[in-house]
Amino acid sequence: MLKNETKIGYALALLDIAKEKKKTKEFYKESNILIDILDEQLEFQKILDSFSLDDDSKMKIIDKTFKGFNISFINTIKILSLKNNFKHFREILNYLIEHLQNILNIKKCIVYSTKKIPEAKLKKIQQKLEKEYGKEINLKNLIDKELIGGFKIVIDSTVIENSVSQDLD
């Protein structure tokens, strides 16, 4: 188990590399893609943290799976996997994303809805929020089965809700 200080240390090391190589925007995009991959491939963590899989096999899987990603991410994944600590990679990425958002003046926003919102509508929501907050908004649309109708926008600790569920409460 990794201590929080160690996880933050990994994130800060990646942040230093991003700043040094002037690739903060690239690291931000890749971090978010990696989070999406981890969300979609829940079994992947078990494979890379497995004691029954030899290190060479793990390295081949990592090289094949993460081909095209920045080498710093690949090497971090390899180190974590060799120590059977890949399960902490998501937290490391979240720390990194938080720091990169501050540097890049970006706010993360989730729009919950009962069904996928068309891109044109999401773009309008994004533009309105960017104007209101004076920052670039990284928008993600997630389906929430709890909503009866409408939508809910979460940005930082602010919740903007226009839903049937809210009206019933």
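**Aromatic pairs, a helix face and strand pairing**

Phe-27 is buried, as is Phe-73, where buried denotes a relative accessible area under 20%, exposed one over 50% and partly exposed anything in between, computed with a 1.4 Å probe on protein chains only. The model is a predicted one, in which local features require a pLDDT of at least 70 and side-chain atom pairs count only at pLDDT 80 or more, whereas totals for chains, interfaces and linings use all residues. Residues are numbered from 1 along each chain as its sequence is written, and side-chain values rest on heavy atoms, with hydrogens and water left out.

The protein chain contains eight helices and four strands, these elements being DSSP runs numbered from the N terminus (helices, H or I, of at least four residues; strands, E, of at least two). Their order from the N terminus is α-α-α-α-α-α-β-α-β-β-β-α. Of the 169 residues of the protein chain, 38% count as buried, and the C-alpha atoms fill a box of roughly 55 × 35 × 30 Å along the principal axes. Among contacts (heavy atoms within 4.5 Å) with a separation of 6 or more, 67% involve residues 24 or more positions apart.

Five aromatic pairs are found in a search of the whole structure; rings of Phe, Tyr and Trp (its six-membered ring) pair if their centres lie within 6.5 Å, and the pair counts as stacked with planes under 30 degrees apart, edge-to-face over 60 and tilted for the rest. The ring centres of Phe-27 and Phe-73 are 5.0 Å apart and their planes stand at 40°, so this pair is tilted. Because Phe-27 belongs to helix H2 (residues 24–40) and Phe-73 to helix H5 (residues 71–82), the pair ties together parts that are 46 residues apart in sequence. An edge-to-face pair is formed by Phe-44 and Phe-86, with 6.0 Å from centre to centre and 80° between the planes. Phe-44 lies in helix H3 (residues 43–48) and Phe-86 in the loop between H5 and helix H6 (89–104), so parts that are 42 residues apart in sequence are tied together. Phe-44, at 12% relative accessibility, counts as buried, and Phe-86 is buried with a relative accessible area of 2%. Ring pairs link Phe-44, Phe-66, Phe-69, Phe-86 and Phe-89 into a cluster.

In helix H4 (residues 55–65), the residues Lys-58, Met-59 and Ile-62 are buried. Viewed down the axis of H4, the buried residues fall within an arc of 100°, so they line one face of the helix, the arc being that of the directions from the helix axis to the C-beta atoms. These buried residues of H4 pack against H3 and H5, while Asp-56, Lys-60 and Lys-64, on the other side of H4, are exposed.

Strand S1 (residues 106–113) runs parallel to strand S2 (residues 136–143), to which eight bridges join it; strands are taken to pair if DSSP finds at least two bridges between them. The chain passes from S1 through helix H7 (residues 119–133) to S2 in a right-handed β-α-β crossover, meaning that, with the strands pointing away from the viewer, the path from the first strand over the helix to the second runs clockwise. Within this pairing, Lys-140 in S2 is the bridge partner of Ile-110. S1 also pairs with strand S3 (residues 150–155), in the antiparallel sense and over five bridges, with Ser-113 opposite Phe-151 in S3. Lys-152 lies over the face of Tyr-112, 5.3 Å from the ring centre, a charge being taken to sit over a ring if NZ of Lys or CZ of Arg is within 6 Å of the ring centre and within 35 degrees of the ring normal.
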